[in-house]
Amino acid sequence: MKIETVFIDEALPKTYEIDYLISKVKSDPQKIKSIKTVYDFINECDDPISKAKQTLYITENKGAVIRECPGTSFYTCCDYTILHTGTFCNMDCSYCILQAYFHPPVLQYFAGLNTIAQSLKKIFNQQKLFRIGTGEYTDSLIWEKISLLPKFLVETFAKQNNCVLELKTKTINIESLLPIDHNGKTILSWSLNTPGIINSQERGTASLRARLDAAKRAEEKGFRLAFHFDPLIIYPGCENQYKKVIKLIFQHVRKESIVWISIGSFRFMPKLKQIIENRFKNSTICYGEFILGLDNKMRYFKPLRIKLYKEIISCIKEYAPDLFVYFCMEDEEVWKKCMGFFPNEEGELGHLLDRSAAKLCGLNPNLL
Ligand code: SF4
């Protein structure tokens with residue numbers, strides 16, 4: 001969705017970073033004292049979520065720039081580190097948890113490349129490996145079209161050896177990143193789904209072919225890649241559709257360029273269901289065999305998840321037997337039945353992912 005209105009925190013200093021952003025969004029920002037003005041502006045509308053997608057608030061990050069991924073204590077967590085550079089998204093997926101996560105959601109850009117650099121410096125000095133991503137509370141690359149942030153991050157990560165940056169997206173916004181000497185420290189990753197799901201549930205995102213073409217272009221420039229099948233959505237014939245997507249991945253890029261593939265199935269907080277019903281009238285994704293999980297989210301009935309996972313994993317393994325495939329938020333039974341093992345020790349899944357990143361991205365192996 002196009003950004004129609006821009007607000008800016010009046011306390012922000014004038015910098016090249018902000019001037020650049022404003023020149024790209026082509027809208028005169030309204031200076032405001034408090035985010036409450038943005039909340040009021042958004043909440044006045046019949047559909048605050050859609051309004052929020054067209055309303056940018058440029059501010060500074062008043063909380064922690066670097067955070068542990070919240071994960072959950074009930075399902076295996078991958079020990080990811082979040083670089084908190086912004087919130088929300090101007091694409092519009094029916095299942096997007098961010099619609100229900102913020103009250104109301106606000107598309108925020110946290111200005112301050114220096115602040116980010118200072119925070120990263122502390123991480124870069126540690127004798128430990130980190131996998132760091134910006135795609136937890138926003139899409140990492142919606143910002144590439146309008147800000148200097150993604151380019152700055154790729155350049156910054158290129159200068160160290162203990163961290164890998166993962167930029168996760170459903171866009172094809174990689175143009176400014178391709179010429180950078182990234183030193184292998186950035187993984188460009190795409191969330192994938194079947195064309196049917198992309199067309200019906202992911203408004204404003206790039207097509208499957210476009211995402212894979214972008215991955216191919218990134219690979220040609222030496223970037224490492226990752227793919228995320230999350231959320232898998234169960235519908236008649238979905239198994240064959242997901243297998244076709246997997247085939248397309250390996251027709252576009254070499255298996256040696258892929259650091260990992262994650263899989264996870266559709267899950268939702270009960271309040272998201274109401275949002276989907278209101279905003280995506282034709283969507284049927286909430287109607288199926290769901291049960292309430294330990295984390296209070298609705299999930300597909302376990303045998304259905306296991307059946308689809310097994311098909312997808314064996315298909316990936318046919319093309320790339322050694323590729324590291326992992327679950328996002330699954331339990332011991334699912335891991336054992338589908339993968340044949342369970343990373344039960346604390347930090348074990350994280351360690352496996354670190355190993356894959358160290359090998360493919362040239363991180364310091366002594367820190368494993
Ligand atoms: S691309 Fe990601 S962040 Fe953006 S609307 Fe879709 S699920 Fe949400």
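Biologist: Which strand do four bridges join to strand β1 (residues 5-9)?

Modeller: This is a predicted model, in which local features need pLDDT of at least 70, side-chain atom pairs count only at pLDDT 80 or more, and totals for chains, interfaces and linings use all residues. Residues are numbered from 1 along each chain as its sequence is written, and side-chain values use heavy atoms, with hydrogens and water left out. Helices (H or I, at least four residues) and strands (E, at least two) are DSSP runs numbered from the N terminus, and two strands pair if DSSP finds at least two bridges between them. Threonine 5 stands opposite threonine 55, and the strand that runs parallel to β1 over four bridges is β3 (residues 55-59).

Biologist: What is the strand order of the open sheet of five strands?

Modeller: The edge strands are β2 (30-32) and β6 (86-87), each of which pairs on one side only. The pairing in this open sheet is mixed, and the order of its five strands is β2-β1-β3-β8-β6.

Biologist: In the open sheet of three strands, which residue of β17 is the bridge partner of arginine 267?

Modeller: The order of this sheet is β15-β17-β16, with antiparallel pairing. Its edge strands, β15 (267-268) and β16 (290-292), each pair on one side only. Two bridges join β15 to β17 (residues 298-300). In β17, the bridge partner of arginine 267 is arginine 299.

Biologist: How many of the six residues of strand β11 (residues 186-191) are buried?

Modeller: Buried means under 20% relative accessible area, exposed over 50%, and partly exposed in between (1.4 Å probe, protein chains only). Thr186, Leu188 and Trp190 point one way from β11, while Ile187, Ser189 and Ser191 point the other way. Strand β11 is largely enclosed by the rest of the structure, because the number of its six residues that are buried is six.

Biologist: Which residue of β13 stands opposite serine 191?

Modeller: Strand β11 pairs in the parallel sense with β10 (residues 163-169) over five bridges, and threonine 169 stands opposite tryptophan 190 in β11. Strand β11 also pairs in the parallel sense with β13 (residues 224-232), over five bridges. In β13, the residue opposite serine 191 is histidine 228.

Biologist: Is serine 262 buried or exposed?

Modeller: Serine 262 belongs to strand β14 (residues 258-265). Leaving aside neighbours within four places in sequence, serine 262 is in contact (heavy atoms within 4.5 Å) with Phe227, His228, Phe229 and Tyr326. Its relative accessibility is 3%, so serine 262 counts as buried.

Biologist: How far apart in space are histidine 351 and cysteine 78, C-alpha to C-alpha?

Modeller: Histidine 351 lies in helix α13 (residues 348-361). With a relative accessible area of 35%, histidine 351 is partly exposed. Histidine 351 and cysteine 78 are 273 residues apart in sequence, and their C-alpha distance in space is 8.4 Å.

Biologist: What percentage of the 368 residues of the protein chain count as buried?

Modeller: Along its principal axes the C-alpha trace spans about 55 × 50 × 35 Å. Among contacts with a separation of 6 or more, residues 24 or more positions apart account for 74%. Of the 368 residues, the share that count as buried is 58%.
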